[in-house]
Amino acid sequence: MALVESRTRTPRRTQRTHSRRASLVVLCAGTLMTILDGNIVTVAMPAIQSDLGFSASGLAWVVNAYLIPFGGLLLLVGRLGDLIGRKRMFTAGLAVFTAASVLCGVATGQSVLVAARALQGVGGAMTSAVVLGMLVALFPEPREQARAIAVFSAVGAAGGALGTFLGGALTEALNWHWIFLINLPIGVVAWLAAIRVLEPDRGARLGRGADYPGAALVTGALMLTVYVIVGAGDRGLAPTLLLAALAVTLFVAFTLRQARAARPLLRLRLFGSRVLSGANAVQILMIATMYGFQFIGALYLQRVLGYGELLTGTAFLPAPIAIGVLMLGLSARTVGRFGAYRVLLAGLLLIVAGMALLSRAPVDGSYVTDVLPPLLLLATGFAAAMPALTGLAMSGAREEDAGLASGLFNTTQVVGGSLGLAVLSVLAASRTEGLLADGAGSVAATAEGYQLAFRVATGIALAALAVAAVVLRGRKD
């Protein structure tokens, strides 16, 4: 009898394992599509500007129109996913994102492209906000969860760097429209697979947590925050400070609302977790460093070393390869053996070292000696730090708040990336303009501007290391 029961259970257990793995593949595919799109457009920007006649300031809105709704809606849709069901939110997000990608691909005017990019941001937020919550629910056992997070983080991190390569390849081989149209087959397959593979979840019901005034306040505050960050270089100091003060006011009003609401959108106890709050603070600083490197690094290759679009994308390829190999092959085992805290610190140390090396990149630099070594250090450090940081962040949330915690983690990622891009690009441009005014050569001035950006990024990475060492100290597992 026991033998019969054992034979019966084994196929069921195997079937459940295959189902969870299939779900992980679907979740990673949806995430990869949104992450690719956040980066694939970078290398294609000159072609988009030339084709549609964007001004220099107007071109920034091809990126900003995506980032503002994406960053502003993550927290809201993460909570809504907890209430209406995370599968519903994920599949709806895939549909919106795919449709918006087609609109971007067929756009023949500036306004259509910017509007479609904003709609992409909405779909991307809906898809991304609930993924980590679904992942934690699928793999509750610590070792399995660590492996799943390693796979998810590898796809996300490698996808960011892979987007740069694909952007250059598609733009040079075909045209910029295909960087968006490529999402159509991927999105349709991912949506069909999600409908079939993902387990349905009922959620806690919308009426049990729909704080609409709170939702309006936090969405407005987050969108305004991202808007202030990404547009800081185009405005004067006074307007920027005024908008920043308005964003802070909205956040304060939201906090007061949540403290008094019978059914708050965001339970403030979530921030009482030192681990969750600390992990999100570290992520803002770490992503600011890495996103700034990716953007400034691509410009250094193009404007200082004279690389074309395809060659620039190819130069970044060692990063996703290293990240994928390290995360999939070593990350979960390393975290299991040494603990997430130690692995996170080691990864951040490598990121600091990589940025410090990159800050020496000269005007007559070489890819092999001046770019590739720091690139590999940064990739290795990120491969170690990101899964450890993700696991720490999600371990600080209760199961009923998993979608909200996932949305919060993705929100700080967007804020960090926007902050790094804004600060480092403004510093680089200001330094370059100052040197040009003093009579320096164009390429030399540009190189020194990028060196300054890389030095500041090194300081930001050091701050991430310090916060992690102090705030997350004592969390060994």
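Where pLDDT is low, the predicted coordinates should not be read in detail. For the protein, the mean pLDDT is 78, and 82% of the residues reach 70 or more. Confidence is lowest in helix α2 (residues 56-59), with a mean of 63, and highest in helix α15 (residues 340-358), with 91. Residues are numbered from 1 along each chain as its sequence is written. In this predicted model, local features need pLDDT of at least 70 and side-chain atom pairs count only at pLDDT 80 or more, while totals for chains, interfaces and linings use all residues; side-chain values use heavy atoms, with hydrogens and water left out.

The overall fold comes next. The protein has 18 helices and zero strands; helices (H or I, at least four residues) and strands (E, at least two) are DSSP runs, numbered from the N terminus. Of the 477 residues, 52% count as buried; buried means under 20% relative accessible area, exposed over 50%, and partly exposed in between (1.4 Å probe, protein chains only). Among contacts with a separation of 6 or more, 84% come from residues 24 or more positions apart. The protein exposes about 19900 Å², of which carbon and sulfur atoms supply 66%; accessible areas come from the Shrake-Rupley method with a 1.4 Å probe, and for residues only the protein chains shown count as cover.

In soluble globular proteins, nonpolar side chains tend to be buried together. Here, the largest nonpolar core holds 119 residues, where such a core is a set of buried Ala, Val, Leu, Ile, Met, Phe, Trp, Tyr and Cys residues joined through side-chain atoms within 4.5 Å. The members that touch the most other members are I48, F90, L113, L135, M286, L344 and L348. Helix α16 (residues 367-395) gives the most to this core, with 15 residues. Leaving aside neighbours within four places in sequence, L348 is in contact with V282, M286, A385, A464, L465 and A468.

A pair of aromatic rings is described by the distance of the centres and the angle of the planes. The structure holds three aromatic pairs. The ring centres of Y66 and F70 are 5.5 Å apart and the planes lie at 15°, so this pair is stacked; rings of Phe, Tyr and Trp (its six-membered ring) pair if their centres lie within 6.5 Å, and planes under 30 degrees apart count as stacked, over 60 as edge-to-face and the rest as tilted. Both Y66 and F70 belong to helix α3 (residues 61-84), where they sit four residues apart, about one turn of the helix. Y66 is buried at a relative accessible area of 4%, and F70 is buried at 10%. F293 and F316 form a tilted pair, with 5.9 Å from centre to centre and 50° between the planes. This pair links distant parts of the chain: F293 is in helix α12 (residues 274-304), and F316 is in the loop between α13 (309-315) and α14 (318-338), 23 residues apart. F293 is buried, with a relative accessible area of 8%, and F316 is buried at 4%.

Polar side chains also turn up in buried positions. S101, in helix α4 (residues 86-106), is buried at 0% relative accessibility. The side chains of S101 and N183 are joined by a polar contact of 3.1 Å; a polar contact is a pair of N or O atoms within 3.5 Å, and within protein one must be able to donate a hydrogen and the other to accept it, with residues adjacent in sequence counting only if both atoms are side-chain atoms. Not counting residues up to four places away in sequence, S101 touches Q120, F180 and N183.

Q120 lies in helix α5 (residues 110-129) and is buried, with a relative accessible area of 0%. Q120 and S101 are 19 residues apart in sequence, and their C-alpha atoms are 6.5 Å apart in space. Beyond four places in sequence, the residues that Q120 touches include D37, Y66, F180 and N183.

The side chain of K87 reaches the backbone oxygen of I195 at 3.0 Å. Setting aside residues up to four places away in sequence, K87 touches M134, A194, I195, L198, E199, P200 and D201.

Notes: pLDDT = per-residue confidence, 0-100. Contact = heavy atoms within 4.5 Å.
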